[in-house]
Amino acid sequence: MLNVPSQSFPAPRSQQRVASGGRSKVPLKQGRSLMDWIRLTKSGKDLTGLKGRLIEVTEEELKKHNKKDDCWICIRGFVYNVSPYMEYHPGGEDELMRAAGSDGTELFDQVHRWVNYESMLKECLVGRMAIKPAVLKDYREEEKKVLNGMLPKSQVTDTLAKEGPSYPSYDWFQTDSLVTIAIYTKQKDINLDSIIVDHQNDSFRAETIIKDCLYLIHIGLSHEVQEDFSVRVVESVGKIEIVLQKKENTSWDFLGHPLKNHNSLIPRKDTGDFVSVSSPEGNFKISKFQELEDLFLLAAGTGFTPMVKILNYALTDIPSLRKVKLMFFNKTEDDIIWRSQLEKLAFKDKRLDVEFVLSAPISEWNGKQGHISPALLSEFLKRNLDKSKVLVCICGPVPFTEQGVRLLHDLNFSKNEIHSFTA
C-alpha cells in the first residue's frame, strides 16, 4: 500500500520548511511541468547556446548575461544558462532573476539547498568560473588535481587545455545513483559507431574516433560501478554521454585517477591494429575474449557494423583464438558490404572463414541460400575442439536477432556463450 504524506509534510522543522520561508509557487503555463522540462533536456536541443562547448567564465563575462532571455547564474563555481528554464521554474522568473549575472550560491542555499540542481540543469551548463591568474597552475598539474578530488565536491571535472579550438574535452556529473561522463568532440558527424566503451573492475576506457585520430579517456574510477551502462550521442553538437550506474548510492569526491594516455588525441596510424569493441546499442566487455578459442559471428545487413571491430580486435590481440567464422546474411550479392575486404582478410589469415548467405540470389549464385535456420547454424557452429571456449555474436534486424538467439539456445549454447547486439 502507498503511504500518503500527512498534511504536515514537510515536517515542521525540516530543512525544506525552514529554508522555504513560506515562499509561494507561481502557476506555470501548460506544458511547463517538471516532466516537460525533463523531456526538453533529453531532446538533444542546445540549451546553453554554446553548441556543446564548455568555457571558463570570467566575472566580467558573467555580469553581461543578466537578462531573462540571456541569464547565466553561478552556483558553487559552475555557470548555468537558466534562460531555457525560466518558464519551468516553480518559483517564477523573478526568483531566478535575483541571481542573474552573478553568483547565486547563497541565494540557492537559502531556498533550494536539498534540490539536485546538477542533474536538473546539467544540459544548461556553460562551464566553470575562471581561475584567477594569480593562482593559475600548470594545466597538466591542474588536471591531476581535478581527477584526485582537489576541487569542490560533486562538480564537473576540468579538462586539459590543448592548443587549437577543435581539441576535444570531457567532464562528468553525478546524481545519487548515476555518473555521467560527457565527451565534447566538437565534431557534428559523431554517431554511436564512433564511440567504443569498456570498463573492467575500476578501469574505465572510452575511445572516440574523430576523423583520423582517436580521443582516449582512460581512468581508474574512484568507486565501483555496475556492469551495465548506456551511451547517448547528441549529433547536432557532437556530444557523447556515457551513463554509469553506481554500485553504492554515495557521493563521489572525484571521478578517479588518470591511466595510460588519458585525455590524449592519438593519430589512428599510431594505434596499430588494436580496436576495442562496443555495439551500436548496448555494451560489450573485452573480458569475454579471455582465453577464447572459437569465435562465431552471425550478421544480417547493417548488423555487420559491430563485427568489423570484433574481427579486427580478435584476429590481432587474442593469441588463444584458433578459429573465427562469419556467416553474413543479405538479400542479394549487391547488398554484401565489405565483401572484397572480407575475402582478402580470410585469404591473409587462415583462422578466418567467411560464408555469405543470400535470401534472393540470382540463378548463377553458387553460395548458400535462405534465412537463418537450424540447418544452416548446426553446420556452421562447429567447435574446433569438443570443449573449447566459444563465443557467438549476433547482430541484425530485431526478428533476425531474436530468431537467432532462440536457435542458439536450442543448439545448447549457454547464455554466457551468446552476445546479441541491436542494429
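The model is predicted, so local features need pLDDT of at least 70, side-chain atom pairs count only at pLDDT 80 or more, and totals for chains, interfaces and linings use all residues. Residues are numbered from 1 along each chain as its sequence is written, and side-chain values use heavy atoms, without hydrogens and water.

**Strand β11**

Strand β11 spans residues 213-221; eight of its nine residues are buried, so the rest of the structure largely encloses it. Buried means under 20% relative accessible area, exposed over 50%, and partly exposed in between (1.4 Å probe, protein chains only). Strands are DSSP runs of E, at least two residues, numbered from the N terminus. Two strands pair if DSSP finds at least two bridges between them.

| Partner of β11 | Sense | Bridges |
|---|---|---|
| β10 (residues 203-210) | antiparallel | eight |
| β15 (residues 264-267) | antiparallel | four |
| β14 (residues 256-258) | antiparallel | three |

S203 bridges to G220 in β11. L216 has S264 of β15 as its bridge partner.

**Charged patch**

K51, R53, K186 and K188 form a positive patch on the surface. Patch residues have over 30% relative accessible area and no salt bridge; like charges are joined within 9 Å, and nonpolar side chains (Val, Leu, Ile, Met, Phe, Trp, Tyr) within 5 Å. A salt bridge puts a side-chain nitrogen of Lys or Arg within 4 Å of a carboxyl oxygen of Asp or Glu. K188 sits in the loop between β8 (178-184) and β9 (195-200). K188 is exposed, at 56% relative accessible area.

How values were computed
Areas by Shrake-Rupley, 256 points an atom, 1.4 Å probe, with all protein chains shown as cover. Lys, Arg positive; Asp, Glu negative; His and termini not counted. Charge placed at Lys NZ, Arg CZ, Asp CG, Glu CD.
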